[in-house]
Amino acid sequence: MIRQLLSRYANVPPKRWRFAANAFGRPRIAAPRPAQPLDFNLSHTSEHIVCAVAAVSDVGIDVESRVPDEFLAIARQFFSPSERRWLNDADAQESRDCFLTLWTLKEAYIKALGTGLSTPLDAFSVLPDKNDGALLLDDAPRPSGQRWYFKHWRLAADCRMAIAVRLPEGRAPDVTIRRF
């Protein structure tokens, strides 16, 4: 699937793509080097497979379709204080949705960083905004001056997807969703 998708963005036959992993196990393109840099990321649940391809560096995507019964205990362990406050402000009905939204945003971000769970999830805050995006707070692990774009979606009643993209200076996000 990823070979076919990458070939839509670069003039490379699907069979020619080669992949390697970084020190944290994140897959990346090893060869050939397309004229325009490409990055990709994958995630899946039992019902959904999602892929992000970016013509910039550092993209992460996550999809989740199940809220664990112990989600409040997980939030206490892995969410930052500001994220826990946002979750606690939700009523009982909304709290499960809020948990999935926060979890997918955080996972998408650490996948974009390429560090995975070696970056502690409670070491940074990603708070949703009213436009289905999110704000990365200043406590996040990132070089100064980096700009990040976040977006989250409801794919089904209990399914959320989020994307995180590091934006090069002067670039605006251009996100297209395609269903297959």
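## The β1–β2 hairpin

In the hairpin of β1 and β2, five residues sit between the strands, and G25 there takes a positive phi near 90°. Strands here are DSSP runs of E with at least two residues, helices are runs of H or I with at least four, and both are numbered from the N terminus. β1 covers residues 18-21 and β2 covers residues 27-31; the two pair in the antiparallel sense over four bridges. Two strands count as paired if DSSP finds at least two bridges between them. A21 has P27 in β2 as its bridge partner.

This is a predicted model: local features need pLDDT of at least 70, side-chain atom pairs count only at pLDDT 80 or more, and totals for chains, interfaces and linings use all residues. Residues are numbered from 1 along each chain as its sequence is written, and side-chain values use heavy atoms, with hydrogens and water left out.

Strands of a sheet pair through backbone hydrogen bonds, either parallel or antiparallel. In this model, three strands form an open sheet in the order β5-β9-β8, with antiparallel pairing. β5 (59-64) and β8 (147-156) are the edge strands, each pairing on one side only. On average, neighbouring strands of this sheet are turned by 10° against each other, direction ignored. Such angles run from 0 to 180 degrees between N-to-C directions, and axes are lines fitted to C-alpha atoms, for helices over the stretch in contact.

β8 pairs with β9 (residues 159-167) over nine antiparallel bridges. A156 stands opposite C159 in β9. Helix α4 (residues 92-113) packs on the sheet and touches β5, β8 and β9. The direction of α4 makes about 150° with that of β5. Contact means heavy atoms within 4.5 Å.

## Helices α3 and α4

Helix α3 spans residues 81-88; its axis and that of α4 come within 9 Å and cross at roughly 155°.

On the α3 side, E83, W86 and L87 meet S95, C98, F99, L102 and K106 of α4. By class, this contact has five nonpolar, one polar and two charged residues. Ala, Val, Leu, Ile, Met, Phe, Trp, Tyr, Cys and Pro count as nonpolar; Asp, Glu, Lys and Arg as charged; the others, Gly among them, as polar.

## A histidine in β8

H152 lies in strand β8. H152 counts as buried because its relative accessibility is 11%. Buried means under 20% relative accessible area, exposed over 50%, and partly exposed in between (1.4 Å probe, protein chains only).

Not counting residues up to four places away in sequence, H152 touches T101, L105, P128, D132, G133, M161 and A162.
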